[in-house]
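This report covers a helix pair and a few backbone details. Please look over the sequence and the structure before reading on.

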Amino acid sequence: MTKMESLVRFSRSPVFRAGFFSLAVVVFFFGLTVPLLGPDEPRYSQVAREMFMRSDWVTPTLGGFHWFEKPALLYWLQIASYNLFGVNEFAARFGSALFGLGVAVSLFFVGRTVRESDSESSKIDLGQWLAMLAVSTLGILVFARGASFDIILTFPLTASLVGYFIADRSEENSRRAYTGLLAFYLFMGIAVIAKGLVGIVFPFAIVGFYHVLSRSLPAKRVFLSVLWGVPVAVAAASLWYLPMYLRHGWEFIDEFFIQHHFQRYTSNKYQHPQPFHFFFWVLPLMTLPWLPFFAVGVWRAVRDIISGITLSRTDDDTDAEKRSLRPLMTFAFAWMTVPLVFFSFSGSKLPGYILPSVPAAIILAGIAARRFALRSPAREAGIKITAVAMLVIVLAILQFALPGFADNDSVKKLAAAAETRGFAGKPVAGFLTINHNAEFYFSGRLFRTEEGRQRKLNGPADIPPLLRENGGEPVLLILRQEHIQHLNKDPEAVCEVIETAGEYALAIARPQ
């Protein structure tokens, strides 16, 4: 037996599968303790902390003010984790990592719906193939590590759509068909708690587009399932939306639905403009290192959809396998396209918006990669080595590069310095800047406006009034290092820089 044959045999063994997916689990949970990054992670984690401290699972607040931008599922996961692990960065991200792995598990189940037609194919199970690609795909690896809503929406959407596809490919009136439909509606409702109305719009739009592309009508059981399935989805979503509406009424409707759904989509109110084609290059980048297979998978799906090949065209084994894969490819193409087109028309665009399309992209890439691997044992081994290498590279980045970057991006170091100098209880304001990272690390100490926003001092002349407002006691100032030169330009106040971290610095201001 040659070395290549030995390698291929090992890569197909239970030992390799157990080792690979164990490594994947380690990667997903490794390094979650680094400081919270950017403006969103600290804000969402602080919202959950305030709910946790009040034992309130309904009303999101930030700095004690209502915060109705997002629904509650991420906060619920964080609250549960805070109860288990304490209030820290690991707990804030734990639920996201679980949901990232949930995407891979869902794709494993959808892959198992395909029945291979020959003995060689059976050696490369599509379910395991899709799960392998999912845990080693850049988009999933990145967003499963963040305390943000993108992966929190992506998992229930994935589970919902997988449930529908399983039901669609199951025998009429079988238990499996109705279990799949139940999952379709239940996870649809959970997706609404994850991110709002897209949780119900996307599943119905994707299923409808799939049947248009496949030139077929849904089965009778699907039409009948609306009678009981929609109430299931509504009941699941009502776990949060009903108590929120009963408690806050029009305030909740206006801020959550009108401002943060419709106005965010139709305008650039929240300052995230990008060109129409933005997601058409972001999505392929998220499929790395499987971009070549993704491109091939998209091309094959489009070719098959356009050609309109029927199942009766041929009966040989090769085409029989293609026919078994074609419905899944069509479904994945519809799944990928709906969020891609929907968010391309949005007036506000961020990279994470397109994450719900990534599982569909993985399906297309996985089918193409599997076909490529079937042509020779060397190719199969090469793809699996690539997956292992991706996990090892990510692990190395998490160990050696991310901690330094996170320390410079976060104000955690500034908060620790304030505590060391005996200023742990001092209130904090921004000087010529606002730092949303401070929401978590200076919790409960930020000066705020009447609307609940962080207070920003617009120059040295604003420091003495703030000191008087604080009863003449010192206050802490967060500022960019480039603004340090402006600190002591007012004769009524004296400022001392006590620490710097990345672009930012922390100063203590006292009356002169």
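## A helix pair

The crossing of α2 and α5 is right-handed, a crossing being left-handed if the near helix is turned anticlockwise from the far one by less than a right angle, and right-handed if clockwise. Helix α2 covers residues 14-29 and helix α5 residues 89-111; their axes come within 9 Å and cross at roughly 145°. Axes are lines fitted to C-alpha atoms, for helices over the stretch in contact, with angles from 0 to 180 degrees between N-to-C directions. Helices (H or I, at least four residues) and strands (E, at least two) are DSSP runs numbered from the N terminus.

On the α2 side, V25, F28 and F29 meet F90, F94, A97, L98, G100 and L101 of α5. Contact here means heavy atoms within 4.5 Å.

## Basis of the model

This is a predicted model, in which local features need pLDDT of at least 70 and side-chain atom pairs count only at pLDDT 80 or more, while totals for chains, interfaces and linings use all residues. Residues are numbered from 1 along each chain as its sequence is written, and side-chain values use heavy atoms, with hydrogens and water left out.

## Backbone details in loops

A cis peptide bond, with omega about 5°, joins L288 and P289. P289 lies in the loop between α14 (278-286) and α15 (291-307).

S55, a residue other than glycine, has a positive phi near 55°. S55 sits in the loop between α3 (40-54) and β1 (61-62). L432, also not glycine, has a positive phi near 65°, and is placed in the loop between β3 (428-431) and α21 (438-441).
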